[in-house]
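I open these notes to record what I looked up in this structure.

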Amino acid sequence: MKILVVEDEQKLGGFICAGLVQAGHVCDHLTDGAKGLEAAMVNTYDLILLDLMLPSMNGFDFLDNLRRFGQETPVIILSALADTETVIKGLDLGAIDYLRKPFELDELLARVRTAQRRTTGQPASKLTFEDLEMDLLSREVSRDGRKIPLSNREFSLLELLVSNANRVVTKARILEKVWDMNFDPGSNVIEVHLYQLRRKIDKDFDVPLIHTVIGSGYMIKAPSK
């Protein structure tokens, strides 16, 4: 998706955009409310992530003007203002979601995926990273055009890693998401499955994608990352 981030904190806006780009989206970042509204009016965006406390035009006025001009682009509000009245006002003005700051990037990306499903009417059916492609409907995996058969557990494990590309996924999270169990420091079930997954995904290719981050977990990343 093409996403507009209107956030006056340069560092936070850059962090959000970097995460969105890693997740496969295109991102524009503006720090001014009026300039953000102008960009939203002259460009086509699939989603807008909107702060409320903005210079020149606050987020409420941004949203109100956007809707008055007939723009129906989905908007998710990102704000440290957490009182119920503010949340209700934002939703009543036409926002589809409201995420309180501070937030985890993973939660924001989950909200973005939900917005994408609302827009398209169905979930994204494919995940890609470098030359690796996963079809979430047929549960087929290929790398550089070569099909790679995986077990259901291996597919779920790879899906978790690719969905969090360039970020460490801890063992505890893998057990929770893939095995639906709490972390057991004495279990080597993850290591066994990662070994098998690496043999299938990396062994016959020049560039390995799956990496161990000692003391932290695992990640899928490109060589330059």
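I count two strands as paired if DSSP finds at least two bridges between them. The model is predicted.

Entry, sheet. I looked up β6 and β7 and found antiparallel pairing over four bridges. Within that pair, L127 has M134 in β7 as its bridge partner. I then followed the open sheet of four strands, which has the order β6-β7-β8-β9 with antiparallel pairing. β6 and β9 (146-147) are at the edges with a single partner strand each, so one side of each has no neighbour in the sheet. I also checked what lies across β6, β7 and β8 (140-143): it is α6, running at about 120° to β7.

Entry, cores. Which residues touch the most other members of the largest nonpolar core? I noted V141, L158, I174 and I220, out of 30 residues in that core. Several elements supply at least two residues each, among them β6 (126-129), β7 (132-135) and α7 (171-179). α6 gives the most, with six residues. For I174, leaving out residues up to four places away in sequence, I listed L157, L160, V169, W179, I190 and Y218 as touching. Another core, of 20 residues, lies apart from this one and includes V6, L37, I48 and L50.

Entry, D51. Is D51 buried or exposed? Its relative accessibility is 5%, so I count D51 as buried. I placed D51 in strand β3 (residues 47-51). Its side chain makes a polar contact with the side chain of K101, at 3.2 Å. Beyond four places in sequence, the contacts of D51 include V6, G59 and L78.

Technical notes
Residues numbered from 1 in each chain as written. Predicted model: local features only at pLDDT ≥ 70, side-chain atom pairs only at ≥ 80, totals over all residues. Heavy atoms only, no water. Core = buried A, V, L, I, M, F, W, Y, C linked by side-chain atoms within 4.5 Å. Buried < 20%, exposed > 50% of the residue type's maximum accessible area, 1.4 Å probe, protein only. Contact = heavy atoms within 4.5 Å. Polar contact = N/O pair within 3.5 Å; in protein donor to acceptor, adjacent residues only side chain to side chain. Axes fitted to C-alpha atoms, helices over the stretch in contact; angles between N-to-C directions.
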